[in-house]
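Hi there,

Here is the structure I promised to send over.

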Amino acid sequence: MNRQQEYVLRTIEERDIRFVRLWFTDLLGTLKSVAVAPAELEQAFREGIGIDGSVIEGFTRVYEADMVIQPDADTFQVLPWRERTARMFCDIHMPDGSPAATDSRHILRKALDTASQQGFTFYTHPEIEFYLFKEPYDPKRGPVPVDQAGYFDHVARGDGHDFRRAAIEMLEQMGISVEFSHHEGGPGQQEIDLRYADALSMADNIMTFRTVVREVALQENAFATFMPKPLAAHPGSGMHTHMSLFEGDTNAFYEPGASYELSQTGRRFMAGVLMHSREICAVTNQWVNSYKRLWGGGEAPAYVCWGHNNRSALARVPMYSIGKGHSRRIEVRSIDSACNPYLTYAVILASGLRGIREGYDLPLEAEDDVWALTDAERRAMGIAPLPQSLGEAVAVMEDSDLVAEVLGEQVFDFYLRSKWQEWGDYRSQVTQFELDRYLLHL
């Protein structure tokens, strides 16, 4: 065993931990968990824990069901909301010890290894939006927000800021640093921004974040949802992510004197993200409901363009920190809060790296509100739309060699089949809208 594993075993004994939850993520971003007794952990570090992978969404086929989850001791944390309980994230292996091709962490780690071979470390900083609704949920009435506040509102005795304070305290107890928090634009909508970290640690943090937010909401007699567009008349929930590449301690996106202080590397990375944004959209925005956010207004980035101070653009160069080299970054605004963060960061990184490697040119900046332009004006400016539905996004992704390469053949095939099934299930529904509009009139 290594020193970190010995530290975990010692901490478990000193703090009288009774249960250790081993966390891993399926391909659609759902958190899974296996609880083990502390007495089993030393063997788990050596040999892993066997699971039936065939019952996990997309993991493996029935005839090769045996898989092994290997706890990552570096991710050990005590859970603040469960007495004498801790957790660790796991890597998924095959019985012969090789990494499972369907492990989301492994897919991101491969993308990060590719970046490392080019001398880069990939850092991300997400702004995570979500809604808080009152319990109990009544399907006939629909979700009821915990407040009627708006953007940056401070409401005396408001449930929102009490909730955010409790959630942040719990996150920090688990070693996850929070940079900002505030009320978002929709009633009951919140935003909490995590402090930047390397992309793998951040993806783990996002999975933990979702769990913490839901746990705190239950304690507050509410429920939290990361559904991209839960309320038709109000903004959807995105996960705008600031990102940068570092070469050692040097920010590869920073160049003093350059336009917006963005280096050629940064410009080509952003060009890659824009160039491939349509084909990765089924990963960054993976649900039928995701496209109601993208095409529902509220500054959602429905078009492929960039700007420095344009919040209708898919990507932008934030101008908060001119002259601070370590802070130069780009912001990708299309991602929603319900994505699989491992796969999302993997395909975005691969897109940016391809832009650097092949020397993509960044298109002209969009200075106008892209939503306010006509289709003809957007076409004249070379601004393409993102897919307008999950079906369109999956069709575009089918032809993507980049996504196929990043995900690997098995995951690529599963993902396409799963998303075509979701799209088919959605299209077969007869909605209340149709009944209200057509039943008595046709």
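Before the helix pairs, a word on handedness: a crossing is left-handed if the near helix is turned anticlockwise from the far one by less than a right angle, and right-handed if clockwise. Helices (H or I, at least four residues) and strands (E, at least two) are DSSP runs, numbered from the N terminus.

Please keep in mind that this is a predicted model, in which local features need pLDDT of at least 70 and side-chain atom pairs count only at pLDDT 80 or more, while totals for chains, interfaces and linings use all residues. Residues are numbered from 1 along each chain as its sequence is written, and side-chain values use heavy atoms, with hydrogens and water left out.

**Helix 6 and helix 9**

Axes here are lines fitted to C-alpha atoms, for helices over the stretch in contact, and angles run from 0 to 180 degrees between N-to-C directions. Helix 6 packs against helix 9 (residues 341–357) at about 125 degrees, and their axes are 6 Å apart. That angle makes helix 6 oblique to helix 9; angles under 35 degrees count as roughly parallel, over 145 as roughly antiparallel, 65 to 115 as roughly perpendicular and the rest as oblique. The crossing of these two helices is right-handed. On the helix 6 side the contact (heavy atoms within 4.5 Å) is made by Thr265, Arg268, Phe269, Gly272 and Val273, and on the helix 9 side by Ile348, Leu349, Ser351, Gly352, Leu353, Gly355 and Ile356. By class, the contact of helix 6 with helix 9 has 6 nonpolar, 5 polar and 1 charged residues. For these classes, Ala, Val, Leu, Ile, Met, Phe, Trp, Tyr, Cys and Pro count as nonpolar, Asp, Glu, Lys and Arg as charged, and the others, Gly among them, as polar.

How far should the 12 residues of helix 6 (residues 264–275) span? At 1.5 Å a residue they should span 16 Å, and the end C-alpha atoms are 16 Å apart, which agrees. The expected span is 1.5 Å times one less than the number of residues. The buried residues of helix 6 are Gly266, Phe269, Met270, Ala271, Gly272, Val273 and Leu274, where buried means under 20% relative accessible area, exposed over 50% and partly exposed in between (1.4 Å probe, protein chains only).

**Helix 5 and its partners**

Helix 5 also packs against helix 9, at an angle of about 150 degrees and with the axes 9 Å apart. Helix 5 and helix 9 are therefore roughly antiparallel to each other, and they pass in a right-handed crossing. Ala199, Leu200, Met202, Ala203, Asp204, Ile206, Met207 and Arg210 of helix 5 make the contact with Pro341, Tyr342 and Tyr345 of helix 9. These residues divide into 9 nonpolar, no polar and 2 charged.

The other partner to look at is helix 3 (residues 104–117): its axis comes within 10 Å of that of helix 5 (residues 199–219), and the two cross at roughly 155 degrees. That makes helix 3 roughly antiparallel to helix 5, and their crossing is right-handed. Arg105, Leu108, Arg109 and Leu112 in helix 3 meet Ala199, Leu200, Ala203 and Asp204 in helix 5. By class, this contact has 5 nonpolar, no polar and 3 charged residues.

Asparagine 205 lies in helix 5 as well. At 16% relative accessibility, asparagine 205 counts as buried. Leaving aside its neighbours within four places in sequence, asparagine 205 is in contact with Ile176 and Leu194.

**Backbone spots to check**

The peptide bond from glutamate 135 to proline 136 is cis, with omega near -5 degrees. Proline 136 is in the loop between strand 7 (121–134) and helix 4 (159–173).

Tyrosine 260 has a positive phi of about 60 degrees although it is not a glycine, and glutamate 261 likewise has a positive phi, near 60 degrees. At 13% relative accessibility, glutamate 261 counts as buried.

In helix 13 (residues 409–427), 19 residues reach 27 Å from first C-alpha to last, close to the 27 Å expected at 1.5 Å a residue. Its buried residues include Phe412, Tyr415 and Trp423. Helix 3 and helix 9 are among the elements that cover the buried residues of helix 13.

Best wishes
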